[in-house]
Each structure stands twice: as C-alpha cells, then as structure tokens.
Amino acid sequence: MKIGFIGLGNMGAPMAANLAAAGHAVAGFDTVADAPDGVIQAGSAAEAASGADVVITMLPNGAILRAVADELIPAMQKGAVFVDCSTVEVDAARAVAAQAAAAELGWLDAPVSGGVGGAASGTLTFMVGGEPAAFETVSPLFDIMGQKAVLCGPAGNGQAAKICNNMILGVTMIATCEAFALADKLGLSRQSMFDVVSTSSGYSWSMNAYCPAPGIGPKSPADNGYMPGFAAELMVKDLGLAQAAAEAANADTPMGAAALDLYRQFVEHEDGRGRDFSAMLPRFESRDRST
Ligand code: NAD
C-alpha cells in the first residue's frame with residue numbers, strides 16, 4: 001500500500017519504520033524529526049498524503065490533529081482512509097471523522113496501548129473507532145504495527161476505550177503503590193506482598209505485569225530507576241482527557257478525578273516529571289499522613 005505517515009516522534013517513527021520494513025511505500029513528514037530508515041522524506045503533510053491509500057497521524061494532541069487534518073483532508077484522494085493513532089479528545093476524533101466523511105474519505109481513530117517498546121517491536125494494541133469497511137482495509141497495517149486491533153464501534157469509540165482503559169490504569173497503579181507503602185510500614189516484605197496480591201483479588205496489570213517495586217515480579221521500569229516506560233506526564237494527559245470526557249458526558253468518576261489530582265501534583269510540584277508513572281511508589285514511601 002501507499003501510506004502517508006505524519007508525526008515521526010517516539011511512537012510514530014518506529015511505527016512508520018515497521019510499515020516500510022514490511023514492504024509498504026511510506027512517505028513521512030514531521031515538523032521536527034527526520035524520516036526514519038526506509039521511510040521517504042516528504043516536504044509537507046499534504047505531500048506525504050497525496051496519492052496515499054492510507055494516511056496515518058501520530059501527533060501530540062487534539063488541537064494539532066485538527067490543524068493537520070485541515071491540511072491533509074483536501075490533499076487526500078477520495079476513498080483513502082485517514083487513521084489517527086494519537087491519543088486525543090473523543091470530541092476531536094468525532095469532529096475530524098465528520099470532516100473526513102464529508103470529503104468522502106474513510107476514518108478510523110486508533111489510539112494505542114503498548115508504549116515506545118510496543119511501537120518498536122510491533123506489538124501495540126489498537127483500540128479502533130470507525131466503519132467496518134475502513135477497519136478491514138487497514139487491518140493488515142495494524143497487524144504489522146501491533147499484536148491486536150479491536151473495533152469498538154463508530155468514530156470516537158477508539159478514543160473512548162483508550163481513556164477508560166488508562167483511567168483504570170492510573171487508579172490501579174496508585175492503589176498498588178499506596179498499598180506497597182502501607183505494607184512496608186506494617187512490616188510485610190515486598191516479595192510476600194507480591195506473591196499474595198498477584199494471585200489474589202487485588203491483582204491487576206499494575207501489580208502482575210508492571211510491578212512498581214524494584215526487584216519484584218517481572219522486569220519493569222522500577223528495575224531501571226523508574227526511567228519511562230510510560231511517563232507520569234503522559235498519564236496526566238490521559239487522565240485529563242478522561243475527566244474532560246466525563247464532564248461532557250455527565251459521568252461521575254471520583255477515582256479518576258483523584259488520580260488526576262495526584263499525578264498532576266506529582267508532575268507539577270514534586271519530582272514526577274520525566275519519571276515512569278510507577279514512580280508513585282517511592283513518592284508514597286517518602287511520605288506519611290501529615291505530608
Ligand atoms: P512525540 O512528541 O514524541 O511525537 C509527536 C511528533 O509529532 C513530534 O515528532 C512532533 O514534532 C510532531 N508534530 C507536532 N506537530 C506536528 C505537525 N503540525 N506536523 C507534523 N508533525 C508534527 O509523542 P509520542 O510519544 O510519539 O506520542 C504520540 C501520541 O501517542 C500522543 O498522542 C501520545 O499521547 C500517544 N501515546 C504515546 C505513548 C508513549 O508511550 N509515548 C503511548 C501511547 C500513546
């Protein structure tokens with residue numbers, strides 16, 4: 001397939017490189033980064049999109065997506081599919097989807113889980129919103145960049161799935177970290193805590209697959225000085241999107257709101273910026289009820 005790829009940052013560059021390595025003709029554009037090996041450097045987003053069967057964007061936020069879409073949509077050929085893999089507001093995805101439909105283009109919002117490691121190894125999970133026909137066209141590309149793609153319903157539903165998943169992740173990581181810090185103060189070893197919880201009703205992905213305690217459980221950023229991994233500021237972004245969506249939909253999400261407050265405090269006023277989101281454990285470790 002002929003593919004345009006816009007946004008060649010930490011995630012986009014390895015995703016585009018994997019598509020090129022699989023034999024697709026990929027033209028890439030980024031305002032800052034150069035195209036990775038195998039990807040043809042385009043001079044603009046419109047140039048990368050022109051004549052492409054599928055155009056993929058991997059951008060920082062919804063405002064940038066909207067601006068780039070205004071440039072891309074008129075440059076795309078009718079019948080081509082616009083796939084946005086960025087994490088953005090549900091409303092932004094639905095607005096750009098409507099613009100794409102009006103221009104007779106297919107649309108998929110397809111945010112990802114799996115981080116930079118998953119992008120490099122081609123093992124991302126795609127949560128997809130859009131029409132089944134567009135999903136079928138793009139599925140072979142999802143298979144190259146990822147291990148699983150789930151069609152969640154119409155446009156915007158991929159973003160809805162992403163923010164609900166990450167709201168659970170933020171909340172369970174905080175709960176896991178505060179419980180480890182409590183266990184420390186109660187004299188319970190971290191290994192015992194892991195052995196019990198990972199096989200009991202407190203288990204979660206945060207405990208079992210991404211344990212925030214160094215030296216316990218499978219290898220995770222905790223074993224690498226809490227280098228991200230998934231940076232705490234990205235968790236602030238996703239929890240902020242979840243709260244914005246909850247407000248718009250009038251949904252009561254007190255735990256999501258509390259998780260956003262804690263991660264924002266950690267990133268903006270403590271030492272969380274640039275650290276993995278599991279570094280909540282040393283944060284709780286260094287505090288007591290009065291701090
Ligand atoms: P990044 O900042 O490394 O990459 C974004 C790229 O977009 C940058 O290279 C930037 O120069 C480029 N860009 C900005 N404006 C542009 C424009 N107008 N035209 C062309 N290029 C432009 O971010 P990232 O870590 O690659 O994340 C991308 C998206 O994926 C974000 O929405 C993020 O929330 C989401 N995401 C990231 C991770 C992760 O672990 N990094 C995990 C899941 C989802």
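Student: What is the volume of the largest pocket?
Tutor: This is a predicted model, in which local features need pLDDT of at least 70 and side-chain atom pairs pLDDT 80 or more, while totals for chains, interfaces and linings use all residues. Residues are numbered from 1 along each chain as its sequence is written, and side-chain values use heavy atoms, without hydrogens or water. A pocket is an open set of points on a 1 Å grid over the protein atoms alone, where a 1.4 Å probe fits, with protein on both sides within 12 Å along at least five of seven lines. Taken as the space filled by probe spheres on those points, the volume of the largest pocket is about 1200 Å³.

Student: Which residues lining the largest pocket are closest to its centre?
Tutor: The lining (residues with an atom within 4 Å of a point) comprises 45 residues. Those closest to the centre are Met 11, Met 58, Gly 115, Phe 230 and Leu 234.

Student: Which element gives the largest share of this lining?
Tutor: Helices (DSSP H or I, at least four residues) and strands (E, at least two) are numbered from the N terminus. Two or more lining residues come from each of helix 3, strand 7 (112-113), helix 5, helix 7 (157-185), helix 9 (205-208) and helix 10. The largest share, six residues, belongs to helix 7.

Student: Which residues come nearest to the ligand?
Tutor: The space that the ligand takes is the largest pocket, by the criterion that more than half of its atoms lie within 2 Å of the grid points. Around the ligand there are 23 residues, each with a heavy atom within 4 Å. Helix 3 (62-75), helix 5 (115-121) and helix 10 (232-249) each supply at least two residues of this shell. The nearest are Asn 10, Met 11, Asp 30, Leu 59 and Lys 237.

Student: What is the omega of the cis peptide bond at Gly 229?
Tutor: Most peptide bonds are trans. Gly 229, in the loop between helix 9 and helix 10, is joined to Pro 228 by a cis bond. Its omega is about 15°.
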